[in-house]
4 protein chains.
Amino acid sequence: MKRLQETKVRKINSERNTLINVNDVHIGEGYFTVIAGPCALESEELALTTAKAVENAGAKIFRCSLFKPRTSPYTYQGFGIDGIELLKLLHAETNLLLETEVLSTDHLEALASEADILRVGSRNMDNYELLKAVGKTNKPVILKRNMSATLEEFLLAAEYILSVGNDKVILCERGIRTFENYTRNTLDILAVPALKELTHLPVIVDPSHSTGRSSLVPAASKAAMAAGADGLMIEVHPDPLKSFSDGEQSIDIPTFEKLMKDLIEIGNVLGKKSLSTVLS
Amino acid sequence: MKRLQETKVRKINSERNTLINVNDVHIGEGYFTVIAGPCALESEELALTTAKAVENAGAKIFRCSLFKPRTSPYTYQGFGIDGIELLKLLHAETNLLLETEVLSTDHLEALASEADILRVGSRNMDNYELLKAVGKTNKPVILKRNMSATLEEFLLAAEYILSVGNDKVILCERGIRTFENYTRNTLDILAVPALKELTHLPVIVDPSHSTGRSSLVPAASKAAMAAGADGLMIEVHPDPLKSFSDGEQSIDIPTFEKLMKDLIEIGNVLGKKSLSTVLS
Amino acid sequence: MKRLQETKVRKINSERNTLINVNDVHIGEGYFTVIAGPCALESEELALTTAKAVENAGAKIFRCSLFKPRTSPYTYQGFGIDGIELLKLLHAETNLLLETEVLSTDHLEALASEADILRVGSRNMDNYELLKAVGKTNKPVILKRNMSATLEEFLLAAEYILSVGNDKVILCERGIRTFENYTRNTLDILAVPALKELTHLPVIVDPSHSTGRSSLVPAASKAAMAAGADGLMIEVHPDPLKSFSDGEQSIDIPTFEKLMKDLIEIGNVLGKKSLSTVLS
Amino acid sequence: MKRLQETKVRKINSERNTLINVNDVHIGEGYFTVIAGPCALESEELALTTAKAVENAGAKIFRCSLFKPRTSPYTYQGFGIDGIELLKLLHAETNLLLETEVLSTDHLEALASEADILRVGSRNMDNYELLKAVGKTNKPVILKRNMSATLEEFLLAAEYILSVGNDKVILCERGIRTFENYTRNTLDILAVPALKELTHLPVIVDPSHSTGRSSLVPAASKAAMAAGADGLMIEVHPDPLKSFSDGEQSIDIPTFEKLMKDLIEIGNVLGKKSLSTVLS
């Protein structure tokens, strides 16, 4: 990991891990923070129903994807920039933080004005121009690992954000590409403790994209917590089979509620904070 | 998974999962069973010291590798067949079950006469002649996944054992080969719940070979339990740096003891049996 | 390949393959076209020396990378947009076509005004906003395969360009990421005939990035021609060891001259056009 | 490649490459030798028809697989050891050398008594007991690369054969496992020149298993020759669709004849011997 020398992402022995605080929601060391929401916002009703349900179950941050990068130009591409109104509504109606994916610098200003956290998706992990622009907003950034990136490359992509003065970066492991095809991707669970050795930044896991199968999401989520992750980003949809995209990997609300209960129990054993506050 | 139709390994809806009982040590549904020991037995002293320590900490089965398949013909190849005497000694001095790797049919009879459980290593997962011969001993068999095998191929390899009438097969995920090189292999943690969907056989995880780094073994072990594994096979060595092979992935005895305590706590939350009995 | 139905990239039985003509340089069916040049332009002198040498040896298109996307933010990032003046000079001093990489929409207009062919690099294969913007310039586009893209994903990325009305797309195989690490990437040579079955677009190979070792570039180049590629993009540098980037994979000018001679001989046997015209 | 130091497989600067001579059929430096035959021998008629056809077209060695290792225990497993009679018949009726796969030490003596060349398949590349036993027969051995083996591991497996005093080893690249699934495996074409840098042993390519698609076999074969391979092992079947196994990757006899003509033409340009002698 020679290229990590002299970077701001790397962990130095005596250093404390980064703890990000956004309006009193903590992400990092000692906390376990759950981000949940549908793959893409599809309608006002879907957004509100899902947001209230996940908030109720203990999620602190809502996944608000207005744009949906799709492999084919002919599949559903998301709500688009008009969805900014939806973010305002969600802020009015819930106490959730809102996070949203930025696909290009064109919409960056508008998205940064309303969202609490910006996300750079795995397809854009190597889009260095975008990384620098997102970094300059000084908003917290969730950076998803590209499906073929080594950990060193992942950290160097994060360094593009830190290099412009923004150190509020949350790393998200979301599965890598291998020959195995029962799952959509292979969740590289050991990326979590490995990143914890290499960097001071918080590390979360996306159990939905990494599995591609809703039946495996609970196991992936618990494994992520046990491996030391600081949180999860989970796709939740009230009626996954009617989802416009990625329905086969979204869990429904009762499954999410059950999972949160299990995570709270395991989190208590592991000494995680934030989650337990849900119970009180 | 078309090729799994008509196999004996596949799970049929109403079916109970296989629970293997070897001298009152249970492996499978509801239990969590820890196998531990050095990568290869190197001396009588090493074997006894390690065996007593892991038994004391709650392991039920001792890893007794007499043969060590090595990539290079010029590196340490293990104790050899004379080690059978060592197995007798371990049986006399501890209550541990003994498991050992079978590399060729030549030593099968001798090994089966003393070991409680036979192991087929990942390099031999596709050695169908060996699988059938091992199956015919009617001993329980730990089958390790080849580092490039799909889940379907892994299950079809197990089917070679079941096809000769032996259904006491324990599947072991031990990491697959990917581009990531911080870890020796990539632990495919979701193979655990995926296999649980596909087969009734017990599934354990080898956190040592899958990581190749002792510092990651505890996280990998907890993640495996949280993902639903029925047990672990962990490399433990009293002085890992002096190990003849794979020292960098073996944990020492205090680390093993601490890990067992953590696993018992998490196992209690998850309702696992056997481990809790260690405490009483 | 279900998602290729109804796309413009897919090959329909009776259809002729696309032949792209840029100022009488042909790319596609029946021709074999060589693009050569340094990894990144470093100076006026380097650019002119290399351009004249590769033109002399039979290359038709010059690789003019003004921007160099780099994994680390602290390594050489290329000449930058001022290099446009260099493109003008190269147009004045040689008969080569000029191709250049576009990293973001910010520089697109300036680059499209001077370059003959635009390139979207492998890191940006999934940058759909960029693909559409580049497509709208109506310039020929070289699209490099992402190192973890399936052929179907590669073709669907190309479809983003065709979907905005630009069908002058040249696909470039440049190596995929695997566990093998003697080479920088694994050249997926059979992507060439496989793509030829699936699409009517021209397919070229980058033997430099796929190998990462200059000693393997000649073998990779000949293999690409024998496998049916329509051309090559080769990194050539007068003094590779002094290159600011990727020197270990660039070949020097005498090696390039020798390679061109060999390709012409093999091309004659295979009935390739353009190359033989070099001899006359 | 530190582990290759002190091995017999590695190439030392001034050393000549190994040239294997079996009854005046040469394999190695300067020659290009074609092995052809059906995936598995299915009947006397199939064997004789195919053998005579491929001999006529210029093949020097016949692929005679009596055993067929199969992923599932319930698919066709090959002719079995009785097929030795078939080898005798083929020796009587043709001038072809015969090569055959050895699956276990049980049949080694019988197979070695009749076959001219023994083959260790990719599934057994790490079966070190088998490698040593095969090596001791002192017959030439074709060793196929395991689908997840690095080049260093491949060479160290070959070293097991050389370490018992047999240096007549022919390395066979047959595709590695990657995420790409249009082809059955990914032909690692650059393994050919890379191995040529690392070892003095001959290197051949199996274009059938590496592609899994008969339509890609000719392109793969020509690419292998252009990349510097010393030969090919090609699956040929008079009626591929009626083949008991792997029919989708076998080419028919007219396709083989056409391919041989193309290879002879390209081989003449590249200065290959043996092939041209077919024409005279």
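Predicted model: local features only at pLDDT ≥ 70, side-chain atom pairs only at ≥ 80, totals over all residues.
Residues are numbered from 1 along each chain as its sequence is written, and chains are lettered from A and ligands numbered from 1 in the order in which they are written. Local features need pLDDT of at least 70 and side-chain atom pairs count only at pLDDT 80 or more, while totals for chains, interfaces and linings use all residues; side-chain values use heavy atoms, with hydrogens and water left out.

**Exercise 1. Determine in which order the strands of chain B close into a barrel, and in which sense they pair.**

Step 1. Strands (E, at least two residues) and helices (H or I, at least four residues) are DSSP runs, numbered from the N terminus. Two strands pair if DSSP finds at least two bridges between them.

Step 2. In chain B, 8 strands form the closed barrel in the order β3-β4-β5-β6-β7-β8-β9-β10, with parallel pairing. From one strand to the next, the twist averages 25°.

Step 3. One pair illustrates the pattern: β8 (residues 169-173) and β9 (residues 203-205) of chain B are joined in the parallel sense over 3 bridges. Within this pair, Leu171(B) has Val203(B) as its bridge partner.

**Exercise 2. Describe the barrel of chain A.**

Step 1. The closed barrel of chain A has 8 strands, running β3-β4-β5-β6-β7-β8-β9-β10 with parallel pairing.

Step 2. Strands β4 (residues 61-63) and β5 (residues 97-101) of chain A pair in the parallel sense over 3 bridges; Arg63(A) stands opposite Glu99(A) in β5(A).

**Exercise 3. Characterise the interface of chain B and chain A.**

Step 1. The contact involves 38 residues of chain B and 38 residues of chain A.

Step 2. The buried area (accessible area, 1.4 Å probe, that two parts lose on being put together, summed over both) is about 3000 Å², with 74% from carbon and sulfur atoms. On the side of chain B, Phe179(B), Tyr182(B) and Leu190(B) lose the most area to chain A, together 23% of what that side buries.

Step 3. There are 2 salt bridges between these chains, a salt bridge being a side-chain nitrogen of Lys or Arg within 4 Å of a carboxyl oxygen of Asp or Glu. Glu180(B) and Arg145(A) meet in a salt bridge at 2.7 Å, N to O.

**Exercise 4. Characterise the interface of chain C and chain A.**

Step 1. Chain C contributes 30 residues to the contact and chain A contributes 30 residues.

Step 2. About 2500 Å² is buried between chain C and chain A, 51% of it on carbon and sulfur atoms. In chain C, Thr71(C), Tyr74(C) and Arg177(C) lose the most area to chain A, together 23% of what that side buries.

Step 3. The rule finds 2 salt bridges across this interface. Arg177(C) forms a salt bridge with Glu153(A), the closest N and O atoms being 2.6 Å apart.

Definitions and conventions:
Axes fitted to C-alpha atoms, helices over the stretch in contact; angles between N-to-C directions. Contact = heavy atoms within 4.5 Å.
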